[in-house]
Amino acid sequence: MNELHVLLVSAITLGFVHTILGPDHYLPFIVLSKARNWSRAKTMWITFFSGIGHIVGSVVLGIVGVALGISLSKLESIEAMRGDLAAWMLIVFGVIYSVYGIYKLFNNRLHSHLPNFLLPKSIRPYRHLPTEEIKKESKKEINITPWILFLIFVFGPCEVLIPLLIYPAAQHDTWGIVSVAGLFGAATITTMLVAVFIGYTGISFVRFKKAGKFFHLFAGAVILLMGLGIQFLGF
């Protein structure tokens, strides 16, 4: 087995390992899919495109860096900075979404105790519907959450990818660069999709009943804790 074959096997292995050991690659999609009542198909598509953004960001950086002759240490420093930025984006998003969850929690409680004529007109016809039905009926809120996730993943680095690209680049092997990046990306995205699918399917079997009103707050807290863990604990 020559060096390129070893790299290709390593790309697949590291793509799987770095994804499965990083819960930030799949937990946000699972908790937000439940909080925002996304369908399985929508959740998987959001995960897929976020994974594409995640891979493309590091591939472009690696290829451009190698083409310009930037040293591995400098490229790794840039990836570290991107990692810090992505972690802080997760933290900020987690804080904002937690505040949103608190707002939704208290707003629902307030509305449940108000007479019908004091309720906002947009929700009066749906007052006695289940929460899921209210979500389906209300079309006025623009859902930017998938775009925020995509943006965070674009800035999120794949630290192990760039070192893998160095050897085929040094050998001026374009096919090697494409193969390593492609297999690493395929392994990463596939692992994300499988993990999200399992998590989505598992959580869909659980009936939370009254706990459903806490989903937004729970999702925000999970995202915040992941951002803090990445930034300060090195997860």
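Here are a few questions and answers on the helices of this predicted model.

Q: How many helices and strands are there in the protein?
A: Read along the sequence, the pattern is α-α-α-α-α-α-α-α-α. That gives zero strands, and the helix count is nine.

Q: What share of contacts between residues at least 6 apart in sequence join residues at least 24 apart?
A: Contact here means heavy atoms within 4.5 Å. Among the contacts in the protein between residues at least 6 apart, the share joining residues at least 24 apart is 82%.

Q: How far apart are the end C-alpha atoms of H1, and what span should its residues give?
A: H1 runs over residues 3-20, which makes 18 residues. At 1.5 Å a residue they should span 26 Å, and the distance between the end C-alpha atoms agrees: 26 Å.

Q: Within what arc do the buried residues of H6 fall, seen down its axis?
A: In H6 (residues 145-155), the buried residues are Thr145, Pro146, Leu149, Ile152 and Phe153. They line one face of the helix, because seen down the axis they fall within an arc of 125 degrees.

Q: Are H3 and H6 roughly parallel or roughly antiparallel?
A: The axes of H3 (residues 40-67) and H6 come within 7 Å and cross at roughly 25 degrees. The crossing is right-handed, and the contact includes Phe49 and Gly53 of H3 along with Leu149 and Phe153 of H6. Angles under 35 degrees count as roughly parallel. So the answer for H3 and H6 is roughly parallel.

Note on methods:
Residues numbered from 1 in each chain as written. Predicted model: local features only at pLDDT ≥ 70, side-chain atom pairs only at ≥ 80, totals over all residues. Heavy atoms only, no water. Buried < 20%, exposed > 50% of the residue type's maximum accessible area, 1.4 Å probe, protein only. Helix = DSSP H or I, 4+ residues; strand = E, 2+ residues; numbered from the N terminus. Arc of directions from axis to C-beta. Expected span 1.5 Å × (residues − 1). Axes fitted to C-alpha atoms, helices over the stretch in contact; angles between N-to-C directions. Parallel < 35°, antiparallel > 145°, perpendicular 65-115°, else oblique. Left-handed = near helix turned anticlockwise from the far one by under 90°.
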